[in-house]
Structures are given as structure tokens and as C-alpha cells.
Amino acid sequence: MDLVLDSGAAKKMDGARKNSTLICAPIMADTVDQMMDLMGRAKSSQADLVEVRLDSLKSFSPLPDLSTLIQHSPLPTLFTYRPTWEGGMYNGDENSRLDALRLAIELGADYIDVELKAIHKFNSCLPGNNHGNCQVIVSSHNYHNTPSVEELGDLVARIQASGADIVKIATTALDITDVARIFEITVHSQVPIIAMVMGEKGLMSRILCPKFGAYLTFGTLEAGKVSAPGQPTIQDLLDLYNFRQLGPDTRIFGIIGNPVSHSKSPLLYNEAFKSAGFNGVFVHLLVDDVATFFHTYSSLDFAGFSCTIPHKEAALEICDDVDPIAKSIGAVNCIIRRNTDGKLFGCNTDYVGAISAIEDGLRGSHCAPLASSPLAGKLFVVIGAGGAGKALAYGAKEKGARVVIANRTYARAKEVADVIGGQALSFAELSNFHPEKDMILANTTSIGMQPKVDETPVAKEALQYYSLVFDAVYTPKITRLLREAEECGSKIVTGVEMFIGQAYEQYEKFTGLPAPKELFKKIMEKY
């Protein structure tokens with residue numbers, strides 16, 4: 001699809017970029033002076049244009065304020081004066097609001113945004129519907145859901161028929177699969193279109209839109225200071241997701257989980273993709289139902305996935321082919337869509353990353369011979385009977401350890417223990433379980449993960465019986481469990497070490513390239 005760029009925006013585009021999708025910085029402030037300062041920051045942040053939210057101003061005098069903003073903006077300007085009935089902050093006279101937007105056109109604005117519900121009235125007072133050199137974006141916002149493709153198509157047709165130069169639709173994600181409908185509308189649009197799905201589950205609509213030919217996306221100057229739910233920062237778009245280099249042939253990878261925003265996987269893989277010149281992008285995927293997700297996103301473009309809590313076991317069920325070890329564990333943390341037939345292949349790299357990190361920790365303190373595993377004969381206590389817990393229990397058993405599974409639900413712990421060939425405990429029994437000294441403890445639950453950093457799965461008094469404590473949680477790097485274990489004299493192994501270890505194999509499966517191990521370590525040293 002051909003995108004029409006205004007001359008001002010085109011001049012400011014980076015010649016090295018691979019797509020024509022613009023980054024627009026929303027500008028919201030109490031005063032015009034504050035807006036001017038934010039405009040300068042937007043330019044420094046490499047935005048292509050600014051959206052001036054007139055409805056955010058505490059005091060607004062149309063002629064002098066618009067003149068100042070237009071004449072002194074270092075970037076092309078888009079003026080939005082959003083009423084409360086469309087999710088904005090303006091609750092005054094409608095005629096005055098529309099007059100201000102008409103004045104913006106006269107004074108030389110590059111774009112204005114008018115709501116579909118107001119465009120007829122707006123045009124009726126505009127002589128000959130003359131927009132001059134200004135492009136009119138006609139917008140529709142749905143804060144309740146994302147309609148069907150047919151309904152969205154009808155909406156786009158109505159907006160186009162209203163005389164819009166650019167169509168804008170924003171919907172709300174109830175499920176991540178809602179984004180697929182927006183992608184379909186975007187890629188088939190015959191007019192310039194801005195299309196996005198609001199909310200965390202809609203995040204990838206804002207990141208991947210260049211792949212599907214969208215006119216622009218919105219990026220904020222600061223995290224959390226958004227004009228609509230789910231907006232990423234400009235810095236993340238450019239530095240984390242390599243936004244300028246995304247195109248129709250970019251392959252999509254992601255981490256499937258719930259919650260998932262804490263994951264550092266996009267940081268790790270996107271930096272590695274960029275370093276290797278690999279045309280891929282890795283995103284957070286907040287998924288409720290794994291089967292529905294994969295049914296919806298069945299394209300070869302959705303090429304590979306890391307899988308985290310709570311979907312590792314459910315993910316195994318939807319794979320067409322599963323690695324024998326992953327099948328024995330009963331969980332996958334890596335899914336590849338094969339290029340040859342589009343089938344899903346599942347494997348498990350958790351146990352390799354975690355067990356190797358724990359072995360290295362033990363060797364560092366006990367200097368065991370490299371030819372044998374220092375886990376052999378040890379009592380290895382695993383907290384959690386989910387996918388990661390099963391993976392560590394399997395790995396420890398393979399290394400000759402005696403395995404104990406502790407879980408909130410004893411029946412679940414017993415089920416896993418019976419499969420692995422170990423002992424089961426309930427959480428209530430764990431703190432008083434110390435049949436011997438020199439045990440190994442591995443937490444595979446999310447207890448202690450941000451934001452609940454004050455939680456721990458085991459009482460501090462019980463930690464004195466463990467020579468090494470491992471925590472799969474890596475946000476924060478040093479959890480309460482690890483901090484208290486270290487205070488008790490235990491060797492500790494962080495989830496960061498497991499995360500890096502399991503990522504090596506996944507990266508190679510994703511790309512077919514050798515894992516950049518030193519780069520991975522360097523990136524994660526910051527966290």
C-alpha cells in the first residue's frame with residue numbers, strides 16, 4: 001500500500017530507515033511554554049512529528065497560542081482537541097472547539113485530528129472543504145472492545161467517505177488476538193491509515209505497525225506519561241524494537257506469558273538480532289489462552305516464541321512435534337514455527353540453563369571435578385510443580401540428585417514427584433523439612449517477583465540447611481529469598497544466570513546463527 005507523506009515529515013525522515021511509518025510524540029501540558037519545551041525534547045528523541053493535545057491546556061487562547069505553536073515547533077504539527085465524549089479532556093462549547101481546529105488549518109498546521117462524530121459539522125463550516133496543505137485525520141476511538149473485521153471495514157469506509165485524508169481507528173484489546181483484526185485492516189487499506197489497539201494486550205499493534213503499512217504510531221517522551229493506554233516510549237520504539245528497520249519481511253518473535261511485561265527477553269533478543277543483522281523483532285505477548293493465540297497467529301511471519309508462566313504445559317499440547325526431553329518434562333519453553341510446513345515444534349531449554357548455572361555455582365564453592373556433576377547424590381528441593389519446576393526436577397534427576405517437589409497443592413506435587421521418581425511436600429511442610437545438611441533449593445515459582453518483592457517461599461530459618469539456593473525469578477535479580485539465603489551462608493545462583501543459559505539455545509533455534517554469548521552476558525550485567 002502506498003503511503004502519502006507530507007513534505008515536512010518526509011524531510012525529517014532518516015534516510016537509513018526501511019519503512020515510511022512515522023513516530024508521533026503526543027504533547028500534553030498545562031501551558032504553551034511547557035508544550036514548546038516538550039516539542040524540543042520530541043525532536044531530540046527523533047520523533048517525526050508532534051501531536052499537540054490542545055485539550056490538555058489549562059488556559060487556551062486560540063489565535064496567539066496556535067500561532068506560537070505552529071511557528072516555533074521544530075517538527076511537523078498535528079493538532080488534536082479531544083472532547084470528553086471521545087476520551088479527551090475538553091468539556092466546553094463544541095463550536096469553539098471546531099473553530100480552533102479550523103484556525104489551525106489557516107495558520108499552517110500540518111495535520112489536524114477530527115472525530116468521525118464531528119467531521120460533518122466541521123466540514124459544513126469549512127468553505128469548499130478546503131484543507132489547504134493540511135491533512136485531515138478523521139478518527140474513531142472504541143474504549144470498550146475491538147469489533148469484527150467486517151465492522152472495522154465498514155468503519156474505515158465511513159471515515160474515508162467523510163473526506164478524510166488519513167483514517168485513524170483505535171480500539172481496545174480484550175484479548176491479544178484482537179490485534180490480528182487491526183493488522184488485517186491495516187495491510188488491506190487503500191488509504192493512509194493509523195490503526196492501533198489500546199492497552200497492554202494491544203502493545204504489538206503499536207510496535208509492528210510498520211510491517212503492515214501503517215501511516216504512523218505514537219511514542220511517548222516518558223514511560224507512563226501517555227495520551228492513550230498502552231503507548232510505548234519513543235526510546236523503546238527506536239532502541240529496543242529497532243522500529244525504523246521493521247518492514248513487510250520482518251519475522252516476529254515474542255515471549256508468551258501472563259504476566260509478561262517484566263521479561264527482559266525483548267531486550268536480549270532484539271539487541272542480538274540488531275548485532276547480527278537478522279531481520280526479526282521480539283515483543284512481549286500477554287496471552288490468556290495459548291491455543292487461541294496460535295490459532296489466530298498462524299502465519300509463518302510469527303516465527304518463534306519463548307514461553308513462560310503459566311503457559312509452559314499448555315503450550316506443549318498445541319505443538320505438532322515435541323522434543324523427547326520436553327515431552328518427558330511435560331512442558332515447553334520454546335516454540336518454533338517450521339518454515340517448511342508451518343508446524344509448531346516445542347522444546348525445553350529451561351533445564352539446561354538452570355542446571356548448568358547451579359552446577360557452576362556448586363563447582364565454584366566445592367571444586368568438584370568437571371567430569372562429574374556436583375549434583376550427584378544431593379537432596380534437591382524444587383519449589384513449584386509447574387513447567388519450570390518439572391524441568392528442573394527432571395534435570396536434577398538426570399544428574400543423579402534425589403529430588404523433592406514442594407507445591408501449594410500437595411496433589412500436584414505428588415503427581416510430578418511420581419513421574420520424576422521423587423518425594424512430594426506441601427508448602428506447609430517445607431520450612432520444617434531438613435532431613436540433612438548441604439541440600440539444594442530451587443524456587444521456580446513467581447513468588448518474590450516484581451512488584452511483590454517482599455514475598456518469599458521459605459522462612460529464613462530454614463535456609464541454613466541449604467548449601468546453595470537458586471531462584472528462577474530475575475526481576476529483581478536479588479530476591480528476598482536469595483538475600484536471606486546469602487545471609488544464612490548459602491551460595492546463591494540468580495535467575496539471570498538461568499535466563500542467559502536457556503536463551504543461548506533459543507536464539508540459535510530462532511535464527512540458525514551461533515548465540516552471541518558474550519553479548520548476552522554484557523546486556524544482562526546491567527540488571
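## A first look

Which residues does UniProt give to the feature "domain: Quinate/shikimate 5-dehydrogenase/glutamyl-tRNA reductase"? The UniProt record (an unreviewed entry) places this feature at residues 375–446. UniProt positions follow the numbering used here, feature names are shortened, and annotations may be inferred rather than shown by experiment.

This is a predicted model, in which local features need pLDDT of at least 70, side-chain atom pairs count only at pLDDT 80 or more, and totals for chains, interfaces and linings use all residues. Residues are numbered from 1 along each chain as its sequence is written, and side-chain values use heavy atoms, with hydrogens and water left out.

## How confident is the model?

The predictor's confidence in each residue is called pLDDT, and it runs from 0 to 100. For this chain the mean pLDDT is 93, with 95% of residues at 70 or more. Residues 1–15 are a stretch to read with care: their pLDDT stays under 50. The model has 37 contacts beyond four places in sequence for residues 1–15, where contact means heavy atoms within 4.5 Å.

Helices (H or I, at least four residues) and strands (E, at least two) are DSSP runs, numbered from the N terminus. The UniProt feature "domain: Shikimate dehydrogenase substrate binding N-terminal" (unreviewed entry) covers residues 255–335. Here the chain is 40% helix and 25% strand, and the end C-alpha atoms are 10 Å apart.

Residues 375–446, the region from the opening question, are 38% helix and 28% strand, with end C-alpha atoms 24 Å apart. UniProt also places "domain: SDH C-terminal" (unreviewed entry) at residues 495–523. That stretch is 83% helix and 0% strand, and its end C-alpha atoms are 15 Å apart.

## The eight-stranded sheet

Eight strands form an open sheet with parallel pairing, in the order β7-β6-β5-β4-β3-β2-β1-β8; two strands pair if DSSP finds at least two bridges between them. β7 (193–198) and β8 (216–218) each have a single partner strand, so one side of each is left without a neighbour in the sheet. From one strand to the next, the twist averages 25°.

Strand β6 (residues 166–172) runs parallel to β7, joined by six bridges. T172 has M198 in β7 as its bridge partner. Helix α5 (residues 116–124) packs on the sheet and touches β4 (111–115) and β5 (135–141), making about 110° with the direction of β4. For such angles, axes are lines fitted to C-alpha atoms, for helices over the stretch in contact, and angles run from 0 to 180 degrees between N-to-C directions.

## The six-stranded sheet

Another open sheet has six strands in the order β17-β16-β15-β18-β19-β20, again with parallel pairing. Its edges are β17 (423–426) and β20 (491–493), each with a single partner strand, so one side of each lacks a neighbour in the sheet. The strand-to-strand twist averages 20°.

Four bridges pair β15 (residues 379–383) with β18 (residues 439–443), and V382 stands opposite A442 in β18. Helix α16 (residues 410–420) lies across β16 (402–407) and β17, at about 165° to β17. Helix α18 (residues 480–487) lies across β18, β19 (466–471) and β20, at about 165° to β19.
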